[in-house]
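Subject: A structure for you to look through

Hi there,

Here is the structure I promised to pass on. Please open it beside this email and follow along as you read.

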Amino acid sequence: MTHTPKSTAVRIVAVEPTFTVEQPGAEFAFGASTAGALTFAHVRVRVADAAGREADGWGAIFLSHPWAFPGAEPDGAAKDALMRAIIVALGERLVAMDTAGHPLDHFLAIEPELDAIAARVAAAQGIDVPVPPLCTLVSLSPIDAAIHDAFGRLHGVNAFDALGSDYVGWDLSHVLGDAFDGKYLADFVRREPVDAIPVSHTVGATDPLTPEEAGADAIPLTEWIASDGVFSFKVKLKGKDLAWDTSRLIDVFDVATRSAGAAGPVRIFGDLNEQGPSMEYILALIDGVKTRSPEAFAALDALEQPARRDLGEGAAYVGDAAAQVPIVLDEGLTSLAAIDRAIELGWNGIALKTCKTQSLMLLAIAKARGTGLHVSVQDLTNPGIALLHSVALAARLPEIAPLETNQRQYFPRASAPEAAVYPEVYTIRNGRIPARDLTGPGLGFDVSRIDRDVFRR
């Protein structure tokens, strides 16, 4: 279909990032990594339409290099500096394009250049290790979010209500193929957000489950259940100890089932963060849970990214495991083409994360609906407006899915300014997050009410 720009199209006239460093309140162990202090990137984007009207929008994300750019080389400080510089370079490129379009158009315009821009920035910093596509997507995500936010604010409409033919100059066949002829993203998201979303509580690899396991400063899982009512649990696994991984899934299920306060039937979700050493290991893990605890197996919603993110030649076929439990693509979901490749390899689920850009996640929602993929919603320990953005996305999914949110566990101080305005989002009750207040223009939050220094500059 021919791309026809709408009268609502906007140009990007400024991209202004601000970086701060947030300290964790507890150790967060996942896969082969542990997250310490992280850079919190806020980005303001200014857009303008053909009439000269302008509006600002905001996006934010943690630059979680242990997750987005794993490995020993370069070191953490160099990776952090790289991601900051990539954000600057991406912003400069989007402004230099000087083209008008919907936020989706701006994403599709820069997407083919992402690898080259990241490689150029890395070379300038003396980094000769290839930059993972996921690292570049995370760097783009606060810019992309801010474009959607600014677009909605300029037109006085919620960003999720600006996905139909009134705003987008092409239907989804433009990017998803003939099967989507005549369909728009508006056909794949809710017209109104759900009132509340179940929370998926993260159980890190070193998190205590009971008071007996907890140290002086650690909060055991039983206490989180009693205080927050959580009943869905994302369990971080190691991939190096089959007995431990099997027992961990069963133990979390058993502890949660016995604990007082869970506000719904207990569900578990295993996350190997690419650490599954072989398909034999993954199949043995599934079989071990099924054999030792049929009840825990019945509560097992999915296994996330058990195999490595590289889906190229030599990537494992996971269909035998996926026939028993949904196998969800997370770190490997870096493009629509990656989803196609994953389906070829037997993957049958995807993890939506706003840190992979609002635009790509919206397109992935439509693709998942068209191919029958299991959908889950994860975060990146999103604090502040990054969590508000993630909640807004989860609230518009066609089917309600638990939203992982763990900033209150691992970075509890990072969201204080936003929590003063949206307290229910940051203090979980009955195992759910309310989403009814995120229906305003843009991504739904109002930074003018939030007492954070970056919003006052």
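Let me start with a question: is Phe107 buried or exposed? Phe107 is buried, with a relative accessible area of 2%. Here, buried means under 20% relative accessible area, exposed means over 50%, and partly exposed is in between (1.4 Å probe, protein chains only). Phe107 is found in helix α3. Helices (H or I, at least four residues) and strands (E, at least two) are DSSP runs, numbered from the N terminus. The C-alpha atoms of Phe107 and Arg53 are separated by 21 Å, and these residues are 54 apart along the chain.

Before we go on, please note that this is a predicted model: local features need pLDDT of at least 70, side-chain atom pairs count only at pLDDT 80 or more, and totals for chains, interfaces and linings use all residues. Residues are numbered from 1 along each chain as its sequence is written, and side-chain values use heavy atoms, with hydrogens and water left out.

**A hairpin and its rings**

Strands β4 (residues 38–48) and β5 run antiparallel and are joined by nine bridges; two strands pair if DSSP finds at least two bridges between them. Along this pairing, Gly59 in β5 stands opposite Val43. Together β4 and β5 form a hairpin with five residues between them, and Gly52 in the turn has a positive phi of about 90 degrees. Strand β5 (residues 54–62) is mostly covered, with seven of its nine residues buried.

A pair of aromatic rings is described by the distance of the centres and the angle of the planes. Rings of Phe, Tyr and Trp (its six-membered ring) pair if their centres lie within 6.5 Å; planes under 30 degrees apart count as stacked, over 60 as edge-to-face and the rest as tilted. A search of the whole structure finds five aromatic pairs. One of them is Phe40 with Phe62, a tilted pair at 5.2 Å centre to centre and 55 degrees between the planes. Phe40 lies in strand β4 and Phe62 in strand β5, so the pair ties together parts that are 22 residues apart in sequence. Both Phe40 and Phe62 are buried. Another pair is Trp58 with Phe455, which is edge-to-face, with 4.9 Å centre to centre and 80 degrees between the planes. This pair links distant parts of the chain: Trp58 is in strand β5, while Phe455 is in the segment after β14 (432–434), 397 residues apart. Trp58 and Phe455 are buried. Ring pairs also link Phe40, Phe62 and Phe411 into a cluster.

Charges can sit over rings as well (NZ of Lys or CZ of Arg within 6 Å of the ring centre and within 35 degrees of the ring normal). The charged end of Lys238 sits over the ring of Trp244, 4.3 Å from its centre. Arg449 lies over the face of Tyr422, at 5.5 Å from the ring centre.

**Backbone points to look up**

Which residues does a cis peptide bond join? It joins Glu73 and Pro74, with omega about -10 degrees. Pro74 is found in the loop between α1 (65–68) and α2 (76–97).

Asp98 has a positive phi, near 50 degrees, in a residue other than glycine. Asp98 is found in the loop between α2 and α3 (103–110), and counts as partly exposed at 47% relative accessibility. Thr357 also has a positive phi, near 90 degrees, and is a residue other than glycine. The loop that holds Thr357 runs between β11 (349–352) and α13 (358–371). Thr357 is buried, with a relative accessible area of 0%.

**A covered strand**

In a regular strand the side chains alternate between the two faces of the sheet. Both faces of β7 are covered: Ser232, Lys234 and Lys236 on one side and Phe233 and Val235 on the other are all buried. Strands β6 and β7 run parallel and are joined by four bridges. The bridge partner of Val203 in β7 is Val235.

Enjoy exploring, and write back with any questions!

Best wishes
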